[in-house]
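We will go stop by stop.

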Amino acid sequence: MRVVIAEDSAVLREGLVQLLADRGHEVCAAVADAGSLVAAVREERPDVAVVDIRMPPTHTDEGLRAALELRSEFPETGVLVFSQYIETRYAARLLERNAAGVGYLLKDRVADVADFTAALERVAAGGTALDPEVVRQLLAVRGAVSGLAALTARERDVLALMAEGRSNTAIAAALVITDGAVEKHVASIFGKLGLEKSGSDNRRVLAVLQYFNR
Amino acid sequence: MSERARDDRRAWSPLLAVIRAPVSNRTWREVLYCLAGLPAGLAGFLAVLVPLAAGAALSASVVGAFLGVLLLVAALNIAIGAGSLFRGLASGLIAVTLPEAPKPARGSGVLGRLEARLRDGRGWRSVAYLAARLPVGSLGSGLILAVWTYALFFLTYPLWWNAATRQALEPHRRHGLSSVLTPFPAGGARITTAGGAFEVMLLALPLLLLAPWVGRGVVALDTWLLRHVLTSASLASRVRELEESRALAVDDAAARLRRVERDLHDGAQARLVAIAMTLGMAREKLGADDAGVDPARARELVDSAHAGLKEAVSELRDLARGIHPPVLDNGLPDALTTLAAQSAVPVGHFVDVPRRPTASIEAIAYFCAAELIANVGKHSGASAAALEAHLVDDDLRLRVWDNGCGGAAALPGGGLAGLGERIRTVDGALEISSPRGGPTTIVVRLPMHA
């Protein structure tokens, strides 16, 4: 997998490069600001770009804006955005039109190397990767209002993992249940919440998020 | 310089000041100020008096009331202009800076604006100042002129006397201008011997020594008028001053917190995340899952994480010091000594602060000193510097001197300007003396309690 990294903290950038190289991925470029990021992606056409939201010069949302630009200009390149804090409006902006090849993670998640690389591979393959913390906040805030009470505890777990963008197989592995059981839960959730059946995993994410944003 | 030598210098200095006064820069500037002020005061007073009187007279009548009010407003505007002229003269020549009175609200509509102008205290105070200055200025300038003329006349008396006696040999020129002891044709004594002429010259000495002090006296009187008549020491302007400095203090505090947050985010947090990543990788290499075990690589990763943690700790320690340096708990002398010792440029220090100021003042003084010394290292190219802290009249006075290239100034948005604002929020003062080519002296005055 070919990756471009954009992160202004040198310490973290080096760590990411090392991490990915260790796993056998190729880091084509590691840059420290939004302008260089777009140029590097244009030149290298990687499978996925890892982008820090806060970058110079203003350290507010340069990375986010660059990510949106990359999404429209290079749709084949996945974009995994990460930031120190959860900003749910950034997540909303990223997922506005479609959820294919997009991810939003907390920087802390990087410490879980297996999870991080799995998320990265998912995004590179065109899937979605939402931080569990984002999902948790969404469910906590909206859960009481919407029909979550109707779901069983197991179904809520499946819903959370679904909202992260994981595939049925991944959900089954995470909850240590069979694929078939996952499918049954998913169908039940869709029925109880009145979501329309959607094909791919990332469309599912959108459906869930749209449900919660009503 | 040893303490004794410094004390001796201090004892002699008033005498030296008196002797040096007649030819000092300050004296010439004061004389110039008085001489310039005389025609300016006269002209200003007349320029204001005429429309003021006319306006007042017209306003009394019914017919010309509006015109009268317009004239009054015009007079007040002229007065304010004259006031600014005198402010400028004062700050340029005698180094007296006065706080700017804030402009009052404009008022809406023609009548509203006129009313606002009529009520504007600045105008009336300027009129009062011009009126008071007229007698002070004319008498004072007259006195100064007289003393200096006499002093110079006596100093050069032998020349006059020589010329006069030669003249007096011609019988029809009995009294020349200078055989008398005054430049004026009336009164005075006659000097007939050369010795007498030299005695007169000696008389010049006390006059010369006296002359600058007459000037100082007149200028002091005028300064009093400037400070108490032209600018208002009233409660309203004090309140405005406090509001401004409070806003500055709040902004300053918010900016400092943002800096701390940035430092934490970019420094310690990023480092800790990187370390967590490294340890995560190390755990894998130790066989946490079914991937290959690689103890050598794991050891490398753990070493790297260990080094990173040590750096994170030291970064956090620096950050904490930036918030509140622990060394300040022992008081300013220790803290300033440490600052001086840590500077790259050798800093001679002399701290004499018998009473401790309040904690917030101590912190401000410490951070001021730290920033000033850092500036010496960064910008001045100096080879030596000095840091002094004294208690002067219940004020803490911090002085940083360096022999570098000078040119330090409080540019808007710059470090020195920010320092000045922070000092202002506690009613302190910052004085910068930094001519190009150096040396630079910066003095910070802070009250003992905020």
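Start where the two chains meet. Select the residues of chain B that touch chain A: 13 residues of chain B are in contact with 13 residues of chain A. Two residues are in contact if their C-beta atoms, placed from the backbone, lie within 7 Å. On the chain B side, six of these residues are nonpolar, four are polar and three are charged. Here Ala, Val, Leu, Ile, Met, Phe, Trp, Tyr, Cys and Pro count as nonpolar, Asp, Glu, Lys and Arg as charged, and the others, Gly among them, as polar.

A word on the ground rules. This is a predicted model, in which local features need pLDDT of at least 70 and side-chain atom pairs count only at pLDDT 80 or more, while totals for chains, interfaces and linings use all residues. Residues are numbered from 1 along each chain as its sequence is written, and chains are lettered from A and ligands numbered from 1 in the order in which they are written.

**Chain B: overview and a helix pair**

Select chain B. Its secondary structure comes to twelve helices and five strands. Helices (H or I, at least four residues) and strands (E, at least two) are DSSP runs, numbered from the N terminus.

Now select residues 25-60 and 65-93 of chain B, helices H2 and H3. Their axes come within 7 Å and cross at roughly 170 degrees. That makes H2(B) roughly antiparallel to H3(B), a label for angles over 145 degrees. Axes are lines fitted to C-alpha atoms, for helices over the stretch in contact, and angles run from 0 to 180 degrees between N-to-C directions. The residues of this contact divide into 24 nonpolar, five polar and one charged.

**Chain B: the sheet**

Next, show the strands of chain B. Five of them form an open, mixed sheet in the order S1-S2-S3-S5-S4. S1 and S4 (429-433) stand at the edges with a single partner strand each, so one side of each has no neighbour in the sheet.

Zoom in on S1 (residues 347-352) and S2 (residues 385-392) of chain B, which pair in the parallel sense over six bridges. Two strands pair if DSSP finds at least two bridges between them. Click B:Val351; B:Ala389 in S2(B) stands opposite.

Move on to S3(B), residues 395-402, which pairs with S2(B) in the antiparallel sense over eight bridges. S2(B) and S3(B) form a hairpin with two residues between them. In the turn, find B:Asp393, with a positive phi of about 55 degrees.

B:Leu396 has B:Leu446 as its bridge partner. Now show helix H11(B), which packs on the sheet and touches S1, S2, S3 and S5 of chain B.

**Chain A: a buried strand**

Finish in chain A. Select S4(A), residues 78-83: buried or exposed? Six of its six residues are buried, so the strand is largely enclosed by the rest of the structure. A residue is buried if 20 or more other C-beta atoms lie within 10 Å of its own, exposed if 12 or fewer, and partly exposed in between.

In a regular strand the side chains alternate between the two faces of the sheet. Check the directions here: A:Gly78, A:Leu80 and A:Phe82 point one way, and A:Val79, A:Val81 and A:Ser83 the other way.

S3(A), residues 48-52, pairs with S4(A) in the parallel sense over five bridges, and A:Val50 stands opposite A:Leu80. Five bridges also join S4(A) to S5(A), residues 102-106, and these two run parallel.

How values were computed. Angles under 35 degrees count as roughly parallel, over 145 as roughly antiparallel, 65 to 115 as roughly perpendicular and the rest as oblique.
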